[in-house]
Amino acid sequence: MEMKEKSASQGEDWDSVLTVFYLDDKVLNLKLAKRILENSGCEVLVESDPQNALKTLLSDSKLFDVFVTDNKMPKMSGTEILGELRRNGVNLPVVVCSGYAADFLDNIGSDEKTTFLPKPF
């Protein structure tokens with residue numbers, strides 16, 4: 001999928017397409033999320049490897065309007081990725097999904113650009 005960097009005004013334009021980067025280590029979840037989001041009019045990039053996702057976001061975060069991530073994954077959790085993004089100045093809105101609310105709430109702090117989505121949904 002070819003993606004172009006979004007201008008600041010595009011993010012505020014309700015007629016623009018929302019570009020979502022979705023990370024989950026379970027391929028079935030990725031396929032389902034991609035289908036649902038694309039059917040809703042979004043552009044979607046999916047990734048199953050947390051380390052690859054982090055590399056993409058650190059180098060190309062301006063391509064996306066929002067990053068949606070599972071929290072419990074091998075190699076690196078969603079909250080660990082979130083911490084790395086914020087430490088590196090990436091201020092992209094993030095949605096962390098988990099069936100374990102306590103894990104997220106204990107690790108998130110008061111980041112206004114981050115929210116929690118409980119599983120299952």
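Biologist: How many helices and strands does the chain have?
Modeller: This is a predicted model, and in it the secondary structure comes to five helices and five strands.

Biologist: What pattern do they follow along the sequence?
Modeller: Read along the sequence, the pattern is α-β-α-β-α-β-α-β-α-β.

Biologist: And in what order do the strands sit in the sheet?
Modeller: The order is β2-β1-β3-β4-β5, in an open sheet with parallel pairing. The edge strands, each pairing on one side only, are β2 (43–47) and β5 (114–118). On average, neighbouring strands of this sheet are turned by 20° against each other, with direction ignored.

Biologist: How many bridges join β3 to β4?
Modeller: Four, and the two strands run parallel. As for individual residues, aspartate 70 stands opposite cysteine 97 in β4.

Biologist: Which strands does α4 lie across?
Modeller: Helix α4 lies across β1, β3, β4 and β5, and runs at about 145° to β3.

Biologist: Threonine 79, buried or exposed?
Modeller: Threonine 79 counts as buried, because its relative accessibility is 14% and the cut-off for buried is under 20%.

Biologist: Changing topic. How many aromatic pairs are there?
Modeller: The count comes to two aromatic pairs. In one of them, the ring centres of phenylalanine 21 and phenylalanine 64 are 4.9 Å apart with the planes at 20°, so that pair is stacked. Stacked requires planes under 30 degrees apart.

Biologist: Where in the chain are phenylalanine 21 and phenylalanine 64?
Modeller: They belong to distant parts of the chain, 43 residues apart. Phenylalanine 21 is in strand β1 (residues 19–23), while phenylalanine 64 is in the loop between α3 (50–60) and β3 (66–70). Phenylalanine 21 counts as buried at 1% relative accessibility, and phenylalanine 64 counts as buried at 5%.

Biologist: What about phenylalanine 21 and phenylalanine 67?
Modeller: Those two form a tilted aromatic pair, with 5.6 Å centre to centre and 45° between the planes. That pair also links distant parts of the chain, since phenylalanine 21 is in β1 and phenylalanine 67 is in β3, 46 residues apart. Phenylalanine 67 counts as buried, at 0% relative accessibility. Through these ring pairs, Phe21, Phe64 and Phe67 are linked into a cluster.

Biologist: Next, valine 94. Where is it found?
Modeller: Valine 94 is in strand β4 (residues 94–98). Valine 94 is buried, its relative accessible area being 1%.

Biologist: Which residues is valine 94 in contact with, leaving aside neighbours within four places in sequence?
Modeller: The contacts of valine 94 are Phe67, Thr69, Leu82, Arg86, Lys113, Thr114 and Thr115. With threonine 115, which is 21 residues away along the chain, the C-alpha atoms are separated by 6.4 Å.

Biologist: Back to the whole chain. How many of the residues count as buried?
Modeller: Of the 121 residues, 40% count as buried.

Biologist: Last one: what share of contacts joins residues at least 24 apart?
Modeller: It is 62%, taken among contacts between residues at least 6 apart in sequence.

Conventions: Residues numbered from 1 in each chain as written. Predicted model: local features only at pLDDT ≥ 70, side-chain atom pairs only at ≥ 80, totals over all residues. Heavy atoms only, no water. Phe/Tyr/Trp six-rings, centres within 6.5 Å; stacked < 30°, edge-to-face > 60°. Buried < 20%, exposed > 50% of the residue type's maximum accessible area, 1.4 Å probe, protein only. Contact = heavy atoms within 4.5 Å. Pairing = 2+ DSSP bridges. Axes fitted to C-alpha atoms, helices over the stretch in contact; angles between N-to-C directions.
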